[in-house]
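Me: I am new to this structure and would like a close look at a single part of it. Please take one chain and describe it in plain terms.

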Amino acid sequence: MEEQRKHNDGKNKYSIIVPTYNERLNIALLVYLVFKHLPDVDFEMIIVDDGSPDGTQDVVKKLQEVYGEDRILLRARPKKLGLGTAYVHGLKHCSGNYVVIMDADLSHHPKYLPSFIKKQMETGASIVTGTRYVKGGGVHGWTLMRKLTSRGANVLAQTLLWPGVSDLTGSFRLYRKSVLEDVISSCVSKGYVFQMEMIVRASRKGYHIEEVPITFVDRVYGTSKLGGSEIVEYLKGLMYLLVTT
Amino acid sequence: MKHIVKIMTLLVAISAFWMSLLQTSLIPRSYTWLLPLYFIVSLGCYGLLMVGVGLMQFPTCPQEAVLLQQDIKEAKVFLEQKGIDVSSD
């Protein structure tokens, strides 16, 4: 706490890391909405694009002209290298003392950013994570099957891991920068199991974690990158977390 | 303490309790032998109940989809003005 104050006179800066792949349209919409909802906040957006072939980076460069290169940082990578490493890469370029991670596809709405910030300031938490599963939060566009698997997965994870948060696979989170650096260095999983590993490890390390309700509207544009043998991956991930955390 | 150690300790404690029940015959032996089975079945039922209840109470937000569409329209107007291509594929 003291260190922080000496460093930036008690003023907070938020670095928002957004990994992208083929989000040409969504990223422009997202940037507009972030700027709309954080008018009096010192922040920057760090867009980690994994060599999107659809021109996402060109759109980001145009956005830089509109909003300023100091507010929108494009830190691209040559190809798809995974979510975890995208965060690590983004972290290297963060100048803020708080880091927000969120998806580019508008399933995470920037209008919740003020509530994350407020919750953190009120409670002094190290991590504020968005949860879709409590009153005030919610989802839209999910089939019954998806809700069933989500709920089943959640109950299983709660029983086995006692994580202390209601939404384990969520990826809309605010971290104190030092905490994110600490937790991310000990995580090895891929995909959404990575998000689970992050929050479980943080919980085990005793970091103060708070939750805020968020709504999650399934992606509007583009194709979802979920698919395949998720269930097997998930169970393997759970077992791994059970034994190693 | 690692989480798995906590769980193992809990299981060991429960097993020890169960074995002491077997030894001291507070409950007739025939029932005691079945206790672990009852425990596992109850755990399973509890899990299913939680899934069912959670499914029924799953919070949904149809109005958010509408709001999002409005946000998108507003964003597109602004972005088009600034010369950013916002046509969908």
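Predicted model: local features only at pLDDT ≥ 70, side-chain atom pairs only at ≥ 80, totals over all residues.

Reply: Along the principal axes, the C-alpha atoms of chain B fill a box of roughly 85 × 35 × 20 Å.

Next, the secondary structure. Chain B contains three helices and zero strands, and its pattern along the sequence reads α-α-α. Helix α1 of chain B covers residues 3-24, and helix α3 of chain B covers residues 62-81.

Helix α1 of chain B has the lowest confidence, with a mean of 88, while helix α3 of chain B has the highest, at 92. Over chain B the mean pLDDT is 87, and 97% of its residues reach 70 or more. The model as a whole scores ipTM 0.82 and pTM 0.87.

Then the surface. Of the 89 residues of chain B, 25% count as buried, which means that they have under 20% relative accessible area. The accessible surface of chain B comes to about 6400 Å², and carbon and sulfur atoms account for 70% of that surface.

Last, the charges. Chain B carries 6 positive and 6 negative side chains. The centres of these two sets lie 24 Å apart.

Notes:
Residues numbered from 1 in each chain as written. Chains lettered and ligands numbered in written order. Heavy atoms only, no water. pLDDT = per-residue confidence, 0-100. Helix = DSSP H or I, 4+ residues; strand = E, 2+ residues; numbered from the N terminus. Buried < 20%, exposed > 50% of the residue type's maximum accessible area, 1.4 Å probe, protein only. Areas by Shrake-Rupley, 256 points an atom, 1.4 Å probe, with all protein chains shown as cover. Lys, Arg positive; Asp, Glu negative; His and termini not counted. Charge placed at Lys NZ, Arg CZ, Asp CG, Glu CD.
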